[in-house]
Amino acid sequence: MSSVVMRQEACPATLFHTSPTYQMACRQLELVTEVTNIDPGIAQRLKVPKRSMVVAVPIRMDSGQTQVFIGYRVQHSLTSGPSKGGLRYAPNVDLGEVAALAMWMSWKCGLMNLPYGGAKGGIACDPALLSMGEKERLTRRFTEEVLSIIGPRVDVMAPDLGTDEQTMAWIYDTYSMKVGYACPEIVTGKPVELGGCVGRREATGRGVVFCIREALDELGIIPENATAVVQGFGNVGSVACEELHRLGVKVVAIGDRYGAIRNPRGIDIPALIQYVNSPGNVLHTVQGFPEAEEMDPAELLTTPCTVLVPAAVERVITEANAARLRCRILAEGANGPTTPEADAILAHSDIFVIPDILCNAGGVTVSYFEWVQDLQQFMWGEEQVIAQLKKLMRSAFQRVRLEAKRRNISNRLAALSLGVMKVANEKARRGLFP
């Protein structure tokens, strides 16, 4: 009986502790504590988010009926500065997933040396089934419901899965109407004409490819001799494909939520983007692209390639398929695409893993640039944004590789250790109030 009590005290039960995604994030944190000298009390504080809010979001649908959606906002840490993180609209989003994503964001900001803690938000809905008016009412009502815990020095939202620049514009306007003045620094990833940063939309995908280029150089692989497979063709995946194509890498297979396509000779990425964005393509899917053949989406991740880019959702590389991956580089454009069980399998392979908190950190990095510009009311040019992003991504990549080699640990554990220890050290310096 006493051992059960002690275990509960060491790891408090939460509303999201049964979530597989949250358990995965906690397991990664535990692995860091095993190879670092992190204080046990601070480790326990890092395992539990600082603040979690669940809200009902009732809106009037176009039909005239009222529908209630459930929204979430989790702030994992406020130690390093305001919390920072995206807002996603997805059918299966839940509190555990949002809590895990907030935790990963804390480590990501720590790794990139950004003055933020991690946060994440979500609304359980399918944005593809909502009209523009319904999405606007949903976004504005959600903003109203979480108004008490957001602010430019408290919590700054950004786009994520299922949201975009327009979503951020609605949040910006709603918040500004409440405080009585224009406050562009309340969100990042908004339209450029409203104080957004040029290059923010492309930042995550660009950052992924900056990391891929570093890995190719380290492995002595010429980009023109490399092939790539990309899972996901949203904001991250499509930009990653564009940048890989520009680099000379042949993209041979791409998948999205509706299907997958392949062309061993290389997919014409500019033509595919034009096809996906064409007015007749209502679902904006890669499926049906005439210059490639359909393939089984289940085979996408195991397609032979130089670079595999999972850029969709979490937990897609598992114990069941990890041993069948046939890539040389795994570049994690998505958050948490690889489970700890899969990691253990990959550790015994020759696959070079670029972990998510490093690989997809370009988005939050340029969000930081945007936030700084809005606070100062001094905007940068695109050349400066891209140059600074490349500089910070390359620096972080090199620090992760140095840590991995110095301590003979995996790239993921090295990246997590650097991110976690930055937050832990700041907590130690600030102490525990009261």
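Is strand 7 (residues 250–256) mostly covered or mostly exposed, and how many of its seven residues are buried? Strand 7 is mostly covered, with six of its seven residues buried, where buried means under 20% relative accessible area, exposed over 50%, and partly exposed in between (1.4 Å probe, protein chains only). You are looking at a predicted model, in which local features need pLDDT of at least 70, side-chain atom pairs count only at pLDDT 80 or more, and totals for chains, interfaces and linings use all residues. Residues are numbered from 1 along each chain as its sequence is written, and side-chain values use heavy atoms, leaving out hydrogens and water.

**Confidence**
- The protein chain has an average pLDDT (the predictor's confidence in each residue, from 0 to 100) of 94, and 97% of the residues score at least 70.
- Take care with residues 1–10, where the pLDDT is below 50.

**Strands and core**
- Strand 6 (residues 227–231) runs parallel to strand 7, and five bridges join them; strands are DSSP runs (E, at least two residues), as are helices (H or I, at least four), numbered from the N terminus.
- Val230 has Ile254 of strand 7 as its bridge partner.
- Ile254 is also among the residues that touch the most other members of the largest nonpolar core, which has 96 residues; such a core is a set of buried Ala, Val, Leu, Ile, Met, Phe, Trp, Tyr and Cys residues joined through side-chain atoms within 4.5 Å.
- Helix 4 (residues 95–111) gives this core its largest share, twelve residues.
- Leu46 is another of those residues, and beyond its neighbours within four places in sequence its contacts (heavy atoms within 4.5 Å) include Met103, Trp107 and Val420.

**Charged pairs**
- The count comes to 32 salt bridges, each a side-chain nitrogen of Lys or Arg within 4 Å of a carboxyl oxygen of Asp or Glu.
- Arg206 and Glu382 meet in one of them, at 3.5 Å from N to O.
- Arg206 lies in helix 7 and Glu382 in helix 13 (residues 382–407), so this pair ties together parts 176 residues apart in sequence.
- Arg394 pairs with Glu214, their closest N and O atoms being 2.9 Å apart.
- Glu214 is buried, at 12% relative accessible area, while Arg394 is partly exposed at 35%.

**A buried charge without a partner**
- Glu185 sits in the loop between helix 6 (165–179) and helix 7 (200–219).
- Glu185 is buried but has no salt bridge, and Lys190, the nearest side chain of opposite charge, is 7.0 Å away; Lys and Arg count as positive and Asp and Glu as negative, with His and the chain ends not counted.

Note on methods: Pairing = 2+ DSSP bridges.
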